[in-house]
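Good morning, and thank you for coming. I would ask you to keep the sequence and the structure in view while I speak.

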Amino acid sequence: MDMLNAMQTFVAVAENHGITAASEKLGCSKAIVSRTLSLLEERLDVRLLNRTTRRVSLTEAGNEYLEHCRNILEQNAEIESRFAEKSLEPQGRLRIAVPVTFGSQYVAPLLPKFLERHSKVQVDLHMSDRYVDIIEEGMDLAIRIGATGSDSLIVRKFAETSHHLAASPELIEKMGGKPKDVTELKNWPSITYSLRQNAPSWQNFRVAPDTIRANTNNGDTIVTLAEKSVGYCYLPTFILNKSIEQGTLVTMLEDEASDTTPLYVLYPHRRRLPLKTRVFIDFMVENFSDL
């Protein structure tokens, strides 16, 4: 028997609370619907429905199987949609929310490649380090580092980055050398990131307020201040890399004070996802690994 067709028939009966209504929705006779249900129950060796002359109700097994069928049918529809879209061309305006430094250093340099591949897509790159409500603000997707910020969005990881402590060589010399463990940082001036949602997992102490020399919501600004020896910082490697390569910042406590942080693409819905959004998500996964 055609199991997908049987599942569709079962779901139609369950959602329409009867064989007559289901047959009208499916465009087939009541006899076919009834026969399909009987064959399905026979194959599964379980009763899915309690039938009376007036109504149909789900058994406990039927309720469990209904959820299973819905998931299978949704996945099948998604696969069919993706193959159908292969003959289409993505088009339209794609609105993307992305943190400032990651957007300018990593996303923007890749945009020419994406736009050349998809000539009918126009990109609005909204760069901000604040939390952007993509549904409220009409974004198609957002790129987030670490915390996703919402349980209502679909989340797809596309890379990982690591966070490290760093300070200028001058500050390290002034403080008498690199700290031997994180507890020594209580005596060091610090620069903090005001938008951080979670404290680092290695941080067994809270930064004393009187050691915070500057607090800002932008990673590039933190780097500039750290290079000027205002204090130490704790930032992702994709922000620190250039300064480390140039020797203006030096990492500290690499074994003790570092965290791996996932990078995510977030979008509102999995079903009927616009092709322009889907190809950009695939593009991010294709072009990134770890940073």
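Strands, as I use the word, are DSSP runs of at least two residues marked E, and they are numbered from the N terminus. Please bear in mind that this is a predicted model.

I begin with a loop. Between β7, residues 190-193, and β8, residues 212-216, there is a loop that contains T211. Is T211 buried or exposed? With a relative accessible area of 12%, T211 is buried, because buried means under 20%. If we set aside the neighbours within four places in sequence, T211 has contacts with K186, W188, P189 and S190.

Let us turn to strand β11, which covers residues 258-267. Of its 10 residues, 8 are buried, so the strand is mostly covered. Which strands pair with β11? One of them is β5, residues 141-145, which is antiparallel to β11 and joined to β11 by 4 bridges. In β11, L266 is the residue opposite A142. Another is β6, residues 154-167, which also runs antiparallel to β11, with 10 bridges between them. Here H164 lies opposite S258 of β11.

Finally, the helices. Two packed helices are described by the angle between their axes and by the distance between those axes. For α5, residues 100-117, and α8, residues 237-246, the axes come within 10 Å and cross at roughly 65 degrees. The two helices are therefore roughly perpendicular to each other. On the α5 side, T101, F102, Q105 and Y106 take part in the contact, and they meet F238, I239 and N241 of α8. Among these contact residues, 4 are nonpolar, 3 are polar and none is charged.

Terms used. Residues are numbered from 1 along each chain as its sequence is written. This is a predicted model: local features need pLDDT of at least 70, side-chain atom pairs count only at pLDDT 80 or more; totals for chains, interfaces and linings use all residues. Side-chain values use heavy atoms; hydrogens and water are left out. Axes are lines fitted to C-alpha atoms, for helices over the stretch in contact, and angles run from 0 to 180 degrees between N-to-C directions. Angles under 35 degrees count as roughly parallel, over 145 as roughly antiparallel, 65 to 115 as roughly perpendicular and the rest as oblique. Contact means heavy atoms within 4.5 Å. Ala, Val, Leu, Ile, Met, Phe, Trp, Tyr, Cys and Pro count as nonpolar, Asp, Glu, Lys and Arg as charged, and the others, Gly among them, as polar. Buried means under 20% relative accessible area, exposed over 50%, partly exposed in between (1.4 Å probe, protein chains only). Two strands pair if DSSP finds at least two bridges between them.
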